[in-house]
Amino acid sequence: MLALFKKRDAVPMASQIGASTHTEAASSDAGVHALARTLQRDTSGLGLEAAQLRGTLEDSAAVAERQAGTLSELVHQAQQIGQAQQHIHSETQLSQQALQRARDSVEHVGSEVTGVVSTLHQVSEAARQITQVALQTRLVAFNASVEAKRAGEAGRGFGVVADAVKDLSTQVESISKAIMGTVATLDQRIQSLAADLSTASEAPDGSGMGQVGGKAGKGQKDSGRRVHQALLGVEAAVQRIVSAAESSAQLSSGINQQVSRMAQEVQQTRDVLGTATRRSEAVLGVSERLMELIATCGVETSDTPYIQMAQQVAGQIAHALGEALAQGRISQAQLFDEHYQAISGSQPPQHTTAFNALSDALFPHFQETALKALPQVVFCIAADRNGYISTHNRAYCHPQRPGDVVWNTAHSRWRRIFNDRTGLASARNTRPFLLQTYRRDMGGGNFVLLKEASAPIEVAGRHWGGLRLAYRF
């Protein structure tokens with residue numbers, strides 16, 4: 001009986017152990033799923049923070065780049081200012097030397113004018129003597145004429161000659177007096193010029209007045225002083241310019257050194273920011289690999305539906321392109337065309353390729369359907385392996401507005417090449433899927449944080465590009 005009891009009791013005990021094991025396994029699976037979801041949520045948060053950090057570093061690096069360019073231009077301008085100041089310094093020194101030569105020349109001219117005045121005095125004296133001789137000749141001619149009249153008929157011819165001599169002597173006297181008057185006027189003018197050009201206290205004749213009155217002589221002396229004072233004032237002003245140019249050159253040299261030091265510091269900042277950006281990219285890459293690893297472990301996370309949607313649309317587009325190729329709607333060379341032709345006047349730059357018409361006909365159906373299939377989807381687009389977006393979602397396929405780069409960046413995103421880190425990684429990925437976190441530039445300093453699931457598109461055994469599905473998280 002005891003044995004039977006034990007045998008009967010063993011069956012429920014085994015059943016209890018199996019049930020307990022199953023319960024523990026279910027509990028373990030639930031724990032794994034919970035852990036996976038927690039890790040997925042944490043890695044998504046890490047990816048968000050890493051994307052924001054990388055974006056901030058990129059913005060700071062762009063600011064540092066602009067500052068470096070500005071400082072480089074300032075250094076160049078400071079050097080030009082220094083060269084201009086050196087030129088000013090050289091020219092003012094030459095001006096100073098020229099003024100000194102001018103003052104010496106004025107002094108020399110003043111002394112030469114004194115010699116001219118002396119010569120004019122000699123001319124005036126000679127004219128006075130000629131006048132006296134002419135007067136005496138006229139008296140002699142008058143006496144000869146009187147004697148000729150007394151001689152009567154015999155002295156008539158002599159009288160004619162005497163009258164002619166008298167007339168000539170009268171003309172000579174008149175001309176001599178005119179010469180004396182002209183010399184006197186010229187003497188006064190040259191005396192005035194000599195006084196203006198001389199620094200001496202006395203006039204050239206040594207009288208202090210020359211041939212003019214005392215008041216005039218005093219005026220000439222004051223005028224001479226004013227001329228030389230003016231020249232001395234100009235020379236002093238030029239000397240001040242020289243001193244100011246030297247001081248300015250010293251200040252410019254100091255500014256140049258400071259600007260050069262700032263340029264070096266900005267360059268160091270750029271280098272540090274570059275290193276930080278690369279490290280932040282490494283952190284971002286780790287978070288993306290963790291998200292991808294969690295998504296492939298068989299546990300469904302919040303990213304799973306987007307990954308599956310990206311893979312589904314990638315397969316649909318690959319199939320449609322393969323059929324078009326088989327039907328002869330496009331050649332393989334055209335489908336894989338990489339000769340991007342720039343559209344003139346487009347800003348940001350747009351390009352055309354041989355497969356634009358086909359993508360415009362095939363892609364919108366699949367891409368627009370995916371936009372409505374899941375919540376928070378921002379865009380769903382197919383990119384070739386170089387990041388070229390032939391056909392975007394309809395909301396971003398507007399014609400560009402000439403001159404409005406900000407609007408074009410946000411609303412005209414088709415026919416463009418997005419060869420940034422995220423764009424190229426999605427376009428060239430050949431693994432089953434890829435998860436990325438990044439900031440999307442919408443133009444005008446407006447950025448949107450997105451997560452992107454991408455899947456490769458293969459046509460005729462060749463990697464054509466990738467399907468990019470971006471969504472908010």
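The buried residues of helix α6 are N356, L358, S359, L362, F363, P364, F366, Q367, E368 and A370, where buried denotes under 20% relative accessible area, exposed over 50% and partly exposed the range in between (1.4 Å probe, protein chains only). The model is a predicted one, in which local features need pLDDT of at least 70 and side-chain atom pairs count only at pLDDT 80 or more, while totals for chains, interfaces and linings use all residues. Residues are numbered from 1 along each chain as its sequence is written, and side-chain values use heavy atoms, with hydrogens and water left out.

Helices (H or I, at least four residues) and strands (E, at least two) are DSSP runs numbered from the N terminus. The buried residues of α6 pack against α4 (304-326), α5 (332-335), β2 (351-352), β3 (377-384), β4 (388-389) and β8 (462-471); contact here means heavy atoms within 4.5 Å. Helix α6 covers residues 356-373, and its 18 residues should span 26 Å at 1.5 Å a residue, which agrees with the 26 Å between its end C-alpha atoms. The expected span is 1.5 Å times one less than the number of residues.

The side chains of R415 and D360 meet at 2.7 Å, N to O. This pair links distant parts of the chain, 55 residues apart, with D360 in helix α6 and R415 in the loop between α7 (405-411) and β5 (416-417). D360 counts as partly exposed because its relative accessible area is 29%, whereas R415 is buried at 11%. R415 also has a positive phi of about 55° although it is not a glycine. Another non-glycine residue with a positive phi is Q376, near 70°. Q376 is found in the loop between α6 and β3, and its 45% relative accessibility makes it partly exposed.

The structure holds 4 salt bridges. In one of them, the side chains of E338 and R385 meet at 3.0 Å, N to O. E338 lies in the loop between α5 and β1 (341-342) and R385 in the loop between β3 and β4, so the pair ties together parts that are 47 residues apart in sequence. E338 is partly exposed, at 40% relative accessibility, and R385 is buried, at 13%. A further salt bridge joins R468 to E452, the closest N and O atoms being 2.7 Å apart.

F379 is placed in strand β3 and counts as buried, because its relative accessibility is 2%. The C-alpha atoms of F379 and R394, 15 residues apart along the chain, are separated by 9.8 Å.

In helix α4 lies Q311, which is partly exposed with a relative accessible area of 32%. Leaving aside residues up to four places away in sequence, Q311 touches P432, F433 and A455. The C-alpha atoms of Q311 and P456 are 7.7 Å apart, although 145 residues separate them along the chain. Elsewhere, a cis peptide bond joins Q347 and P348, with omega about 0°; P348 is in the loop between β1 and β2.

On the surface, V123, I175 and I179 form a nonpolar patch with about 240 Å² of accessible area together. Patches consist of residues with over 30% relative accessible area and no salt bridge, like charges being joined within 9 Å and nonpolar side chains (Val, Leu, Ile, Met, Phe, Trp, Tyr) within 5 Å. I179 lies in helix α2 (residues 156-197) and is partly exposed at 36% relative accessibility.

For the protein overall, there are 8 helices and 8 strands, and 36% of the 473 residues count as buried. Among contacts between residues at least 6 apart in sequence, 72% join residues at least 24 apart. The accessible surface comes to about 26,600 Å², of which 58% belongs to carbon and sulfur atoms; accessible areas come from the Shrake-Rupley method with a 1.4 Å probe, and for residues only the protein chains shown count as cover.
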